[in-house]
Amino acid sequence: MVKHLISLRRNTITVTAAALLAASLAACSTPTAASSPSPSTPTSTSAPVEFQTRKVTNAEHDLVFHVVDGKLPALVLDAGGGLSSSYWKDLAPKLAKATGSKVITYDRAGEGESDEVSGPWRVENAVSDLEAGLKELGVTKDVVLVSHSIAGEVATNFVTKNPGWVSGAVLIDANVPDFFTDDMLTAFEPVIEQQKADLLAKDSTKKNRQLLAVMVDYATVHRTFHKLSWPNDVPVTAIVASETPFVDSPEAAKLWRDAQAHFAQAGPNRKHVVAENTSHEGIVTERPEIITNAIEDVLKTIR
């Protein structure tokens, strides 16, 4: 079925390729101008939640973390590619109030207020940055990862590298290893190369540099990701948007849905939730209650 995608007309396959990158990059239409929930962001008529900003240095670049104090497990919110911690500006304060948990949002390197790093995007570097930030904040156990889109790759690598650090996770229309089969990656390889050439012909903006960084060795990197397995002892809920990143390709959309379902069925302590009437880009704002409920369910199993 994957190879059938290549036979689609050129304009459709180009859009689909962009969607494949959206699945990894989430260069979304969601606002990105602000980098974090503002301190004292009001969540309702009740008292506002106070966020503290901390700057952490790792591998000679600075990363910006935002923290609201609370009890463990700590909720670590990680947005998709092309998005900063502002992606969580409405949900993060609500989660802090609803759960009483410490809530952490942050800007990955090259996003928001964090330093841009030259060279290819590598998940190992993103994991190292997150490790450094959590250590600086004193959170070296009882973490619940809440990860959107490409942050699913960070979460999967983090949890497999650091046994005992993560108590649970909620993946929000996130990249899972099951999707990136050899056939899928082979089918899209030439299209990604064309998109790289198109981006190189454009102005060198921060967004375009980030897109290009993820495209470097895309197939090789994701074949490695495909081999990873989520640990059986870490509860995880995979929330899937009803409208996949592949709005212009029913074949790719089916592969995405099937991969998410397969991931949820491949081990114990896993749940699969379809968020109706949501999109890949807007799921956090369109159905926040589904995410809140999933997080609360995970917390009940580990507290």
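The model is predicted; local features need pLDDT of at least 70, side-chain atom pairs count only at pLDDT 80 or more, and totals for chains, interfaces and linings use all residues. Residues are numbered from 1 along each chain as its sequence is written, and side-chain values use heavy atoms, without hydrogens and water.

The chain holds eleven helices and eight strands. These are DSSP runs, numbered from the N terminus: helices are H or I of at least four residues, strands E of at least two.

The eight strands form an open, mixed sheet, ordered β1-β2-β4-β3-β5-β6-β7-β8. Pairing requires at least two DSSP bridges between two strands. β1 (52-58) and β8 (270-279) are the edges; each has a single partner strand, so one side of each lacks a neighbour in the sheet. Inside the order, β3 (71-78) and β4 (101-107) pair in the parallel sense over four bridges. L75 stands opposite V103 in β4.

Helix α4 (123-136) packs on this sheet. It touches β1, β2 (61-68), β3, β4 and β5 (143-148).

The largest nonpolar core has 58 residues. Such a core is a set of buried Ala, Val, Leu, Ile, Met, Phe, Trp, Tyr and Cys residues joined through side-chain atoms within 4.5 Å. I104, L130, L134 and L145 touch the most other members. A second, separate core of 29 residues includes L91, L95, V103 and A294.

How values were computed
Buried < 20%, exposed > 50% of the residue type's maximum accessible area, 1.4 Å probe, protein only. Contact = heavy atoms within 4.5 Å. Axes fitted to C-alpha atoms, helices over the stretch in contact; angles between N-to-C directions.
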